[in-house]
Amino acid sequence: MGKEKTYALINYGCQMNESDTEHYAGQLVEMGYKRAEDFHDADVIIVNTCCVRESAEKKIQGKIGELKAVKAKNPDVVICVAGCMAQKDGEKLLKKHPQVDILLGTSYVNGFKELLTGFLANRKKGLYTSLEINDAEFEGHRVRQSPFHAWIPIMYGCNNFCTYCIVPYVRGRERSRSVENIVEEIKQAVKEGYKEFTLLGQNVDSYGKQTGDKEAFAKLLRTCNEVEGVERIHYMTSHPRDMVEAVIEAVRDCEHVCESFHLPFQAGSNEILRRMNRGYTKEKYLDLIATVRKHVPNAVITTDIIVGFPGETEEDFEQTLDVVRRVGFDSAYTFIYSKRSGTPAARMENQVPLEVKKERLNRLMALQNEISLANHQKLVGETFEVLADGPSKHEGVWSGRTRTGILVLWPTEGKAYTLGQAVNVKIDTAQTWLLKGKAID
């Protein structure tokens, strides 16, 4: 009998990349491959890349470089570099890393099995980076990393062209899956025991926009809510320019759609928002938040913020702090602006000095940490249903998340829990990033 064929997947980047990696794994399993314990021993290695930040690219370049020794030891191993960095750098990557056999852009996830079969037949290197492929429907299955939570991509690409963002250039134009295709995947996942779902897109609020229906995403939420067996529905990421009130109403009305809103505002200054090409003003953003609060008063609201965008003055930065104070975000992902080659912002004048960006980031984080802690302290004494994620780094303590995504820790006290189990936890301690309590089942 021949040696069992094995594969290894090395993933970097966002949740969409995680989902793509699960699809690559599904296609390899369909071809008879088993997962390798160590990528050094695999017959097929896929590195799924990210290029959102230069620091990530450097790390990935190092990992791809490691595979030169793997190829030297086993010339028959198939090395594939996929994802956004592969899309962006294309031929340059192949020239720098001759150990790579297949370079796969972001539009070719569905066709990977066919391309790998072709390579195995002729051993001819392949470079696939066209963004003209508009196929969005899902075929096959995914080898999911979680036993109870499933990523469900609903659309791909982005048409917004924020001036700091590389995504539209490496993920292509927006294209949406059909409602039927999405629902079928969810139903199949429910049969396999999945109960929590996150609908994914670079901008989920643009779902179905090509049909002219501005409420297509809201309707999709309501449809998914009706799938029997679904317990929790999340979605990411939203764009304040495109979110309509119908989406907020769907969150309000749907039993299984969770009461959390991730609404990146990025900057509080209207001038900086204009330079970012975000398509809304500070006032419009605050109006949107007010609409969320009106329909879903207890919603958890989180955001993304960029500090030190080109031309940002101290007055501009104070506008950002003002938005943080007025909204009272439950948490925020904060970033120092860094140049991303290929984007308009990288060529802008008045780049902010690094020391200024760091000082502003520290002030922003101090303010947000204060607000996050205050928000969490209001939850002490309440009981939440938490889906168990697994043991925490502390012995005898498990972790999980509430419907709205808040991390909760509780002592097992000798009880055995399973992944995805619903546990009622009464909160007795609030910290900036998490809650602690005791199971009351």
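This is a predicted model: local features need pLDDT of at least 70, side-chain atom pairs count only at pLDDT 80 or more; totals for chains, interfaces and linings use all residues.
How many of the six residues of β4 are buried? Six of its six are, where buried means under 20% relative accessible area, exposed over 50% and partly exposed in between (1.4 Å probe, protein chains only).

Residues are numbered from 1 along each chain as its sequence is written, and side-chain values use heavy atoms, leaving out hydrogens and water.

**View 1. The open sheet around β4.**
Six strands form an open sheet in the order β2-β1-β3-β4-β5-β6, with parallel pairing. At its edges are β2 (34–35) and β6 (126–128), each pairing on one side only. Helices (H or I, at least four residues) and strands (E, at least two) are DSSP runs, numbered from the N terminus, and two strands pair if DSSP finds at least two bridges between them. β3 and β4 run parallel and are joined by six bridges; V47 has V81 in β4 as its bridge partner. On to the next pair: β4 (residues 78–83) and β5 (residues 102–104) also pair in the parallel sense, over three bridges. Here A82 has L104 in β5 as its bridge partner.

**View 2. Helices α1 and α2 on the sheet.**
Helix α1 (residues 15–30) lies across β1 (6–11), β3 (44–49), β4 and β5, and runs at about 175° to β1. Helix α2 (residues 54–73) packs on the sheet as well, touching β1, β3 and β4, with its direction at about 170° to that of β3. Axes are lines fitted to C-alpha atoms, for helices over the stretch in contact, and angles run from 0 to 180 degrees between N-to-C directions. Contact means heavy atoms within 4.5 Å. Look for K73 in helix α2: this lysine is exposed, with a relative accessible area of 73%. K73 and G342 are 269 residues apart in sequence and 37 Å apart in space, C-alpha to C-alpha.

**View 3. Helix α8 and its cover.**
Seven of the 10 residues of helix α8 (residues 216–225) are buried, so this helix is largely enclosed by the rest of the structure. The buried ones are A216, F217, A218, L220, L221, C224 and N225. Their cover includes α7 (179–191), β10 (196–200), β11 (232–236) and α9 (245–253).

**View 4. The contact of α7 with α8.**
The two helices pack at an angle of about 30°, with their axes 11 Å apart. From α7, V179, I182, V183 and I186 meet L220, T223 and C224 of α8. By class, these contact residues are six nonpolar, one polar and no charged. Ala, Val, Leu, Ile, Met, Phe, Trp, Tyr, Cys and Pro count as nonpolar, Asp, Glu, Lys and Arg as charged, and the others, Gly among them, as polar.

**View 5. The contact of α11 with α12.**
Helix α11 (residues 282–295) and helix α12 (residues 314–327) pack at about 10°, with their axes 11 Å apart. That makes α11 roughly parallel to α12. K282, Y285, L286, I289 and R293 of α11 make the contact with Q319, D322, V323, R326 and V327 of α12. This contact has five nonpolar, one polar and four charged residues.

Notes:
Angles under 35 degrees count as roughly parallel, over 145 as roughly antiparallel, 65 to 115 as roughly perpendicular and the rest as oblique.
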